[in-house]
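Please look through the sequence and the structure shown below before reading on. The report that follows goes from the chain as a whole to some of its helices and loops.

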Amino acid sequence: MANKQNISKPVVNCYHCGDLCTTQNVSVGEKYFCCHGCKSVYELLNENELCDYYALNKFPGQVQKRESRKDKYDFLENVEIQHKLIDFQSDGQTHITFYLPQIHCSSCLWLLENLYKIMPGIISSRVNFTKKEVFIAFNSKDISLRQLVETLANIGYEPYLSLNDLSSNARPKTDRSRWYKIGLAGFCFGNIMMMSLAEYLDFSKLIEPKISIFFKVFSLLLSIPVLFYAASEFFVSAWNGLKNKYINIDLPVSIALVITFLRSIYEISNGISNGYLDSLSGIVFFMLIGRWLQSRTYQTIAFDRDYKSFFPIALNVIKDNIIIPVEISDIKEGDIIQIHSNEIIPVDAILSKGKAKIDYSFVSGESLPIALNVGELVYAGGRQIGGILELLVVKEVSQSYLTNLWNNPVFSKDKGIKESNFDIIGKYFTYFVLFVGFLAGFYWYLNGKEQLMWNAITSVLIVACPCALLLSTNFTYGNIVRIFGLNKFYLKSPEIIESLSKIKHIVFDKTGTLTQNSDSDVRYIGTVLSAERRHQLASLLQHSAHPASKMVLSYLNEKGLSFVNHFKEIEGNGIEGWIDECHIKLGSPSFVGGSFDVNKSGTKVVVSIDGKIIGDFVISNKYRNGMDKLIQRLKQQFSVSLISGDNANELINIEKLFGKESAVYFNQSPEEKLQYIQKLQMNNEIVMMVGDGLNDAGALKQSDIGIVVSDTNNNFTPASDGVIDATKLNNLVDFIRFATIGRKIIIFSFLISVVYNLIGLKYAMQGVLSPMIAAILMPLSSITIIFITYGMSEFFAKKCKLK
């Protein structure tokens, strides 16, 4: 008889989302799907002739395996909630903006802007790809808000709706003022330069006097809105600095702009020249572009969120056996609420019905879910992992544990205003320029040449303007922020780059930061388990509600389990029972008893058969890819430590990762984490904290730089200076290295501008600097700085493997 050969089946990806198909039973023609949800989305798009969605990108869809319950959006029938969510409503036409974290490619853009083909009641839809928002105008007479949201959810773009959306300031209007300023400054700069060039190049004096006067007056008129509107943020920043008793780089720039404007008025009114208005408008234009580049990331990522961003808009409340959707702020003590799987519990409550398996990892850092019995207290901030629960509210939202933890004064400390090195340079550079200017003026005054005195003072202030420093800082940091963003590392402000380059000590959280939130590794150590023994263990474990038991049961992966009549579970300790005349105990070492000497790391589920320990299952966190190499690279340059709210079961794994010389602390409260950061700072350490949850909030706030690790851009975080995608955490060393190089690029470009300034000062102090030469050199210097900073930052980004 011929040997039976194993024929491997070809790997098939879901036509919609790209996930592997475990079966080929879900299909439409030759197109296969991983689940019925993905198939339904395809059929809906195909029915409405929107299958070009799949032609633009490969596997553009979102996984649809999680079914949405029918009553999930009942709360959108509430008129009061509708009014708080809607942007505008009049004569049946309604406008609303949704945040859709699923937006990621051109297929998403194309589909969302063709929503009207799926639902005729939609008038138009417009996507802001950067903010991952869609603006929708629809006819409320044809479709309801609930139907609109359900349609988006059905095609894989479920809107992210939270309690924060109901607040009046939840969606601030887009500030377009900087766009207007850039446009105005660019328009004025182009026109002033065009008229100035005609004057500069008129060597034969062919321009008629009236036309020449028109050019000068018109240039002066165009420069007024540039100075008083487009450049206003530089004056505001300088004034705020003075109010806080420090001089930032905007002060000397503001002085230079005013002096340039006044000197230009003087020269135009006396017929000397057409002034330096082209240089003034050009500098403002380029500096605004640099600052716009810096601000782009802040519009993409929300760095400061409160607990309202974490909670849903409404919950189901059971009254007289009737389920009613109620806005969370209206839920009172004594109400009975209904919580579904994977929903956040927003209030402190007592479990009255259902099997609770609560994940507190976000609040406490504990990695394993906690099983609770009826009558036990459930704290706000936990996420239900199991089935439907009914809870009796004992504290409403405003008084809950999570809200009180959030409002802890420890977490609201302000880091204060920090003066950057470049602000310090700008301050002393301002003193130097003022001193040289007035020294030159005083010299010519003593020699009785008043005209040369004023020429020297103003020329020095114009030529030696520190705008090159500001330009190099803005454009270098702006480009670095852009490159970071392309690599999924988002900074709250460009000034953080300078602090990033000075880091001396990096502190990590464990759960959700170094480890993956959803995965754990299970391994068995001990006597080899026969097929019969595996079946017995799995049959007993199926009766346990403890999360560790569920993980071991999943690891055993046994089918057709036997029912066990005689078993007893000790909550939080283990389970024992009789199967096939064998007495089996599984649980913690203290529950099972005895000893079993093996090298373990993680949570242990010990196995005992008829009083004899045969082995144990070790459940350990699954660490993110590349963490071992990351820690080793960091230790070569920085001090590294770990501080976790989780227990010490992972101590052996952590010591392998960090080494025994690194400080490692477990079972730490949020306050203890913050105090540890303070202790490091008292030793003159510049500290970066890398965390992910509310229990890290105080430490993130206290640290010199707080970075949050996010599995999605929508990760909830109370306060952070930056957000890094979890898949890019292993590039942290490269980001720090590139930030350090960025500082050096700024210093290099500033040295170039200093050489230019020294040459210009030589002639400015003599009072003989030609207006034409000054007008050409100033914008030329600015453009040179821009090209140098951009070119060098692009070059070193490739060196740091970020391009």
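This is a predicted model: local features need pLDDT of at least 70, side-chain atom pairs count only at pLDDT 80 or more; totals for chains, interfaces and linings use all residues.

## Terms and overall picture

The chain contains 25 helices and 28 strands, and of its 803 residues 53% are buried. When contacts between residues at least 6 apart in sequence are considered, 68% of them join residues that are at least 24 apart.

## The largest nonpolar core

In soluble globular proteins, nonpolar side chains tend to be buried together. In this chain the largest nonpolar core has 47 residues, and F98, I136, L145 and L148 are the ones with the most contacts inside it. Elements that give two or more residues to this core include the helices α1 (36-47) and α3 (79-85), as well as the strands β4 (93-99), β5 (122-128) and β6 (133-139). Helix α5 provides the largest share, namely five residues. The core also draws on two domains, with at least three residues from domain 1 (1-67) and at least three from domain 2 (70-167).

What is I136 in contact with, once its neighbours within four places in sequence are left aside? The residues are T94, H95, I96, F98, L115, I122, S124, S125, L148 and L152. Apart from this core lies another core, of 46 residues, and among its members are F508, L729, I741 and C800.

## Helix α5

Helix α5 is mostly covered, since seven of its 10 residues are buried. These buried residues are L145, R146, L148, V149, T151, L152 and A153, and the elements they pack against are α3, β4, α4, β5 and β6. Just after α5 comes G156, which takes a positive phi of about 95°.

## The pair α17 and α18

Helix α17 (residues 531-541) and helix α18 (residues 547-556) have axes that come within 9 Å and cross at roughly 145°, and the crossing is left-handed. On the α17 side the residues that meet the other helix are R534, L537, A538 and L541, while on the α18 side they are S549, V552, L553, Y555 and L556. Sorted by class, this contact consists of seven nonpolar, one polar and one charged residues.

The buried residues of α18 are P547, A548, S549, V552, L553 and L556. Besides α17, the buried residues of α18 pack against β11 (356-359), β12 (370-372), β22 (603-609) and β23 (612-623). K550 and A538 are 12 residues apart along the chain, and their C-alpha atoms are separated by 9.6 Å. The residue that follows α18 is N557, and its phi is positive, near 50°.

## Single residues in other helices

S219 is found in helix α7 (residues 209-230). S219 counts as buried because its relative accessibility is 5%, and the cut-off for being buried is under 20%. Leaving aside its neighbours within four places in sequence, S219 is in contact with I192, M195 and L277.

L651 is found in helix α21 (residues 651-658), and its relative accessibility of 33% makes it count as partly exposed. Although L651 and G602 are 49 residues apart in sequence, the distance between them in space is 7.7 Å, C-alpha to C-alpha.

## Two loops around α22

Where is N667 placed? This residue, N667, is in the loop between β25 (664-665) and α22 (670-682), and N667 has a positive phi of about 55° although it is not a glycine.

N684 is found in the loop between α22 and β26 (687-691). N684 likewise has a positive phi, of about 65°, without being a glycine. At 69% relative accessibility N684 counts as exposed, because the cut-off for that class is over 50%.

Methods: Residues are numbered from 1 along each chain as its sequence is written. Side-chain values use heavy atoms; hydrogens and water are left out. Helices (H or I, at least four residues) and strands (E, at least two) are DSSP runs, numbered from the N terminus. Buried means under 20% relative accessible area, exposed over 50%, partly exposed in between (1.4 Å probe, protein chains only). Contact means heavy atoms within 4.5 Å. A nonpolar core is a set of buried Ala, Val, Leu, Ile, Met, Phe, Trp, Tyr and Cys residues joined through side-chain atoms within 4.5 Å. Domain bounds come from an automatic or database domain assignment. Axes are lines fitted to C-alpha atoms, for helices over the stretch in contact, and angles run from 0 to 180 degrees between N-to-C directions. A crossing is left-handed if the near helix is turned anticlockwise from the far one by less than a right angle, and right-handed if clockwise. Ala, Val, Leu, Ile, Met, Phe, Trp, Tyr, Cys and Pro count as nonpolar, Asp, Glu, Lys and Arg as charged, and the others, Gly among them, as polar.
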